Amino acid sequence: MLSVQQLQIKGRRGDLLPATSLTVSRGELLLVAGEGQDQRTALALALSGRMKPSNGVLSWDNTTKTKKIRLASALVDSPGVNEPEQHLSVRDLVTEDLSLIPRRYRGALLSKPWLKVNSFEDIAGLWIEQLPAGRRLELLSALALADPATDLLVVDSPDRHSADPAAWLPRLQALASDAGRPLAVVAVVGALPDNWTGAAAVIGNSVSHPPEPELKPTPSAPELDSAPEPETAVQPQPAPEPQPAPEPHAKHAAEAEPDAPEAAEPAAEPDTQNLQRTAK
């Protein structure tokens, strides 16, 4: 079983691989998702014992020795590391890869018999860049498993050749579940397939984030000025008793009534005046 606890690789400016934890056993396929290609390749190199981590614990079958992990694992199609060059033919690639396997396992250094036994004769004359994504993965994984000491298969970004998981996922599932040779298979991918329900992990899943201090909100100046004052209960006041109206003063009463005009003497009738004049 492969066990990884808080595996971290420091880079020049930041973490090349943020702290990541995962486990995978023989007969199991684990998909690990990571956004950046550098992070995915760093994880693939560390899991296969080809890059020493800065922190964390990596063990395979209860051993943490990097050499034993490297001998038991195979790194497949890692960009910029061991991906096949595009100008190579399939036949030349097979010849080169077989030369890296210990002689006691590979037999004669000939590509033609191997291509025939493993059913790759139909693509022997093609260039690597001409291979479909699924056929490419079949060829490279078969070359990795030509070494019988390989029990851990680490595949770097198989989804970069095809956005369709059907081009690479069935092959990896078949390798992991092979009863004759059960393998622990780890595929580091850009994103998990939509319908994937198997074992999965995410790069950086063990990064610890310190809790942020709680900040009490402070109201702005306008809010302080406009804040309403707390209302106080208003006690009901008794209604004032009606006061009797004051009696008017005598002077006021006299002033209130205007003086009545003096009665004028009645004017003499015109006929009476004439009679008086005549009598005189």
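Mentor: A residue is called buried when its relative accessible area is under 20%, exposed when it is over 50%, and partly exposed in between, with a 1.4 Å probe and protein chains only. By that scale S157 is buried, since its relative accessible area is 0%. The model is a predicted one, in which local features need pLDDT of at least 70 and side-chain atom pairs count only at pLDDT 80 or more, while totals for chains, interfaces and linings use all residues. Residues are numbered from 1 along each chain as its sequence is written, and side-chain values use heavy atoms, with hydrogens and water left out.

On a 1 Å grid over the protein atoms alone, a cavity is a set of points where a 1.4 Å probe fits but cannot get out; a pocket is an open set with protein on both sides within 12 Å along at least five of seven lines; a lining residue has an atom within 4 Å of a point. Points are joined across faces, edges and corners, and the volume is the space filled by probe spheres set on them. The search of the whole structure finds 1 cavity of 30 Å³ or more, and the largest cavity holds about 80 Å³. Its lining consists of 15 residues, and D77, A133, L137, P158 and H161 are the closest to its centre.

Helices (H or I, at least four residues) and strands (E, at least two) are DSSP runs numbered from the N terminus. Helix 6 (133-144) and strand 6 (152-156) each give at least two residues to the lining of the largest cavity, and helix 6 contributes the most, with 4 residues. The lining of the largest cavity comprises 8 nonpolar, 3 polar and 4 charged residues.

A salt bridge is a side-chain nitrogen of Lys or Arg within 4 Å of a carboxyl oxygen of Asp or Glu. D77 pairs in this way with R136, at 2.9 Å from N to O. R136 belongs to helix 6, whereas D77 sits in the loop between strand 5 (73-76) and helix 3 (90-99), so the bridge joins distant parts of the chain, 59 residues apart. Both partners are buried, because R136 has a relative accessible area of 5% and D77 one of 7%.

D122 lies in the loop between helix 5 (111-117) and helix 6, so the pair ties together parts 13 residues apart in sequence. D122 is exposed, with a relative accessible area of 56%. Salt bridges that share partners also unite D77, E83, R136 and R160 in one network.

In all, 7 salt bridges are found in the whole structure. Another of them joins the side chains of R26 and D151, at 3.5 Å from N to O. Here R26 is in the loop between strand 2 (15-24) and strand 3 (28-33), D151 is in the loop between helix 6 and strand 6, and 125 residues separate these distant parts of the chain. R26 is partly exposed, at 35% relative accessibility, and D151 is partly exposed as well, at 23%.

Most residues other than glycine have a negative phi.

For the rest of the picture, consider the open space. The largest pocket has a volume of about 650 Å³. Its lining has 25 residues, and L75, N82, D97, L100 and A144 lie nearest its centre. Helix 2 (66-72), strand 5, helix 3 and helix 6 each give two or more residues to this lining, and strand 5 supplies the largest share, 4 residues. By class, the lining of the largest pocket has 14 nonpolar, 3 polar and 8 charged residues.

Within helix 3, V90, L93, V94 and L98 are buried. Viewed down the axis, the buried residues of helix 3 fall within an arc of 125°, so they line one face of the helix; the arc is that of the directions from the helix axis to the C-beta atoms.

Note on methods: Nonpolar A, V, L, I, M, F, W, Y, C, P; charged D, E, K, R; others polar.
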